[in-house]
Amino acid sequence: MKIAVCMKRVPDTATRLTFAADGKSVDTSEVQWVISPYDEYAIEEGLRIRERAGEGTVTAITVGPEGASKELRQALGMGVDDGILAVCDEPLDPIQTARSLVAILADRADDIVLFGKQAVDSQGAQVGALVARLLGRPFVNDIAAIEVSEQQVRIERDIEGGRETIEGPLPIIVGAEKSLNEPRYPKLKDIMQAKKKPIEKVTPQTGEPSFETVAVTTPAPRPEGRIVGEGPEAVDELIRLLREEAKVI
Amino acid sequence: MDNFEGSDFYILDDLLTEEQRLIRDTVRDFVDDQIMPVIEDSFMNDRFPDQVVPTLGELGLLGANLEGYDCAGLDSTAYGLIMQELERGDSGLRSFVSVQGGLVMYPIHRYGSEEQKKKYLPELAAGRSIGCFGLTEPDHGSNPEGMITSAVDDGDSYILNGNKMWITNGCVADVALVWAKLDGRIRGFLVDKGTSGYSTTKQGKKFSLRASTTSELHFQDCRIPKDNILSGADGLGGPLSCLTQARFGIAWGAIGSAMACFETARKYATSRIQFDKPIGSFQLVQKKLADMLTEITKGQLLNLRLSQLKDSGKMSAQHVSLAKRNNVYWALEIARSARDLLGANGITHEYPVGRHMLNLESVITYEGTHDIHTLILGHEITGIPAYK
């Protein structure tokens with residue numbers, strides 16, 4: 001079983017973000033980076049598929065600056081066998097990231113490629129689908145469970161009001177939803193041993209961007225709140241305002 | 001609840017290796033996920049959150065700086081960062097890990113026989129077995145040399161008699177490392193739970209370290225096999241060397257508590273409105289915050305250098321005394337100042353500062369009181385011991 005997990009580092013959700021002076025990007029000088037949470041589910045599932053199969057390898061792949069090797073090491077600490085870092089300091093748009101990953105994935109012949117369903121910084125939910133399109137492989141996003149047997153895969157997805165089960169052949173590309181699993185903590189010994197695991201560095205084949213970010217701005221300040229009264233007497237007025245003024249009920 | 005971000009004004013992250021940062025972040029996540037949601041209740045209910053012990057073992061946090069016997073073999077900075085993150089959660093949690101690693105596993109690792117190491121260390125490292133360290137007695141705290149617990153040679157066994165007090169993990173421990181006088185010399189003995197003549201009593205009614213089990217140990221004609229002596233330790237230097245290990249962890253841990261209090265106070269100061277503006281806009285509040293951040297940054301620098309000294313074999317017990325004394329003192333001052341800054345909210349469990357403040361009253365007292373560390377430094381500076 002050959003498994004690849006594509007992951008992205010994102011600013012820690014606890015980090016206070018500020019915008020860079022150019023008005024087009026986020027100031028990352030003091031950002032603490034973490035693996036995008038949905039990608040952690042993808043890593044965990046990759047490891048579980050390998051463990052259930054009793055054989056195989058899991059490779060973690062990321063496109064990012066040299067510093068992203070820390071997040072790859074974390075994946076190696078969780079149990080991933082090796083890492084590939086496509087070194088790129090420039091921000092990429094989704095098609096560029098997808099092309100870079102495809103250049104790596106095209107010749108690997110992975111049975112399964114896992115992504116998080118989307119990265120929690122850009123929230124684009126594009127890269128998994130773009131890679132699948134470029135590779136000509138089937139793609140299932142938001143997976144809640146996956147079972148692999150021989151050359152067949154059975155996938156469950158949470159859908160509105162229920163759960164859908166689908167089956168199909170390998171190879172496949174999937175996007176992990178958070179109901180998929182509970183990611184393990186890397187063990188300290190494994191973090192130390194991860195030093196000895198290989199991280200291959202490659203030059204990404206990004207091609208030209210499709211879009212350019214021309215501005216990032218803060219949201220407009222929220223209008224001030226209004227106190228309509230106190231105690232049970234205020235309820236009728238509050239309901240009236242919610243219905244007639246805010247039109248939310 | 002917000003995830004903890006840490007305080008790093010001097011960008012000390014740049015001085016850490018990738019592995020050290022990953023280890024720190026892993027423990028930080030573990031504390032956010034598994035400790036913060038339960039710690040208030042643990043503290044209020046006077047209960048150690050023992051459900052996390054298997055995870056502590058699985059992650060490799062127990063005896064993490066020891067080599068071999070299923071231990072993680074980390075460097076001192078990584079070990080210190082673990083202590084910092086655990087104590088950011090609660091001093092009782094850090095105490096558990098300090099006692100297990102620094103006071104039980106370390107002496108077995110350093111002074112024990114190969115059989116003792118093989119029997120105890122892997123179990124203790126995995127958290128399948130819990131250890132405690134019995135040195136302090138009801139009437140012998142700062143002066144352990146005066147202990148009256150005794151061991152008598154009786155053929156193929158030793159017979160222990162005496163009482164130990166303020167023993168972290170006592171009631172829950174599967175093995176007690178007990179220090180007693182054999183022919184007038186302080187020696188270490190391993191006493192397994194269930195040994196006839198060995199019993200424990202939980203010490204209740206504490207206002208500090210409530211999420212940690214504190215106990216008395218009683219030995220009444222307790223007979224243990226001769227193999228249970230730590231053959232490599234002879235004299236007060238044995239237990240004192242263990243305390244140096246634990247105090248090293250405390251110097252790091254205290255800064256974790258201080259960071260938790262400072263970050264809480266910083267957020268509160270910028271969101272709490274009085275007189276139509278955040279209280280952080282008032283000079284008295286800004287001075288408190290500036291003092292906190294200054295002392296935290298100094299403590300972090302002390303810890304980093306202390307780790308370097310430890311790894312290069314140059315660290316002395318006196319170096320550790322300076323860091324333990326300074327960092328715990330300032331952590332307690334920061335906790336009190338943060339409590340004050342939070343006003344009435346500071347006395348509730350809505351915020352962690354009151355809990356840290358109460359815990360630190362123990363931390364400044366155990367493992368050498370603040371005053372005893374002052375005298376150790378006085379001795380070092382003048383060459384004249386004031387406690388003899």
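Reader: How many salt bridges are there between chain B and chain A?

Author: A salt bridge here is a side-chain nitrogen of Lys or Arg within 4 Å of a carboxyl oxygen of Asp or Glu. By that rule, the count between chain B and chain A is two. In one salt bridge, the side chains of A:Arg73 and B:Glu18 meet at 3.4 Å, N to O. Keep in mind that this is a predicted model, where local features need pLDDT of at least 70 and side-chain atom pairs count only at pLDDT 80 or more, while totals for chains, interfaces and linings use all residues. Residues are numbered from 1 along each chain as its sequence is written, chains are lettered from A and ligands numbered from 1 in the order in which they are written, and side-chain values use heavy atoms, with hydrogens and water left out.

Reader: What about polar contacts, how many residue pairs does the rule find across the interface of chain B and chain A?

Author: A polar contact is a pair of N or O atoms within 3.5 Å; within protein, one must be able to donate a hydrogen and the other to accept it, and residues adjacent in sequence count only if both atoms are side-chain atoms. Across this interface, eight residue pairs qualify, both residues being at pLDDT 80 or more.

Reader: Which elements give two or more residues to the side of chain B that touches chain A?

Author: Helices (H or I, at least four residues) are DSSP runs, numbered from the N terminus. Here the elements are helix H1 (18–44) and helix H2 (53–59) of chain B. H1(B) gives the largest share, 13 residues.

Reader: And how much area is buried between chain B and chain A?

Author: Buried area is the accessible area (1.4 Å probe) that two parts lose on being put together, summed over both. For this pair the value is about 2100 Å², and carbon and sulfur atoms give 58% of that. B:Glu5, B:Glu19 and B:Leu22 supply 30% of what chain B buries against chain A, more than any other three residues. As for who takes part, contact means heavy atoms within 4.5 Å, and the contact takes 28 residues from chain B and 17 residues from chain A.

Reader: Now the inside. Which residues touch the most other members of the largest nonpolar core?

Author: A nonpolar core is a set of buried Ala, Val, Leu, Ile, Met, Phe, Trp, Tyr and Cys residues joined through side-chain atoms within 4.5 Å. Buried means under 20% relative accessible area, exposed over 50%, partly exposed in between (1.4 Å probe, protein chains only). The largest core has 71 residues, and B:Phe30, B:Ile82 and B:Trp179 touch the most other members. Helix H4 (residues 91–111) of chain B gives the most to this core, with 10 residues. Leaving out residues up to four places away in sequence, B:Ile82 touches A:Leu188 as well as B:Ile23, B:Val27, B:Leu61, B:Ala64 and B:Leu74. Apart from this core lies another, of 33 residues, including A:Ile3 and A:Met7.

Reader: Is B:Phe43 buried or exposed?

Author: B:Phe43 counts as buried because its relative accessibility is 2%. You'll find B:Phe43 in helix H1 of chain B. Beyond four places in sequence, its contacts include B:Asp90, B:Phe207 and B:His349.

Reader: Where is A:Ser100, and what does A:Ser100 touch?

Author: A:Ser100 sits in helix H3 (residues 94–105) of chain A, and it is buried, with a relative accessible area of 1%. Not counting residues up to four places away in sequence, A:Ser100 touches A:Val63, A:Leu92, A:Pro204, A:Gln205 and A:Thr206.
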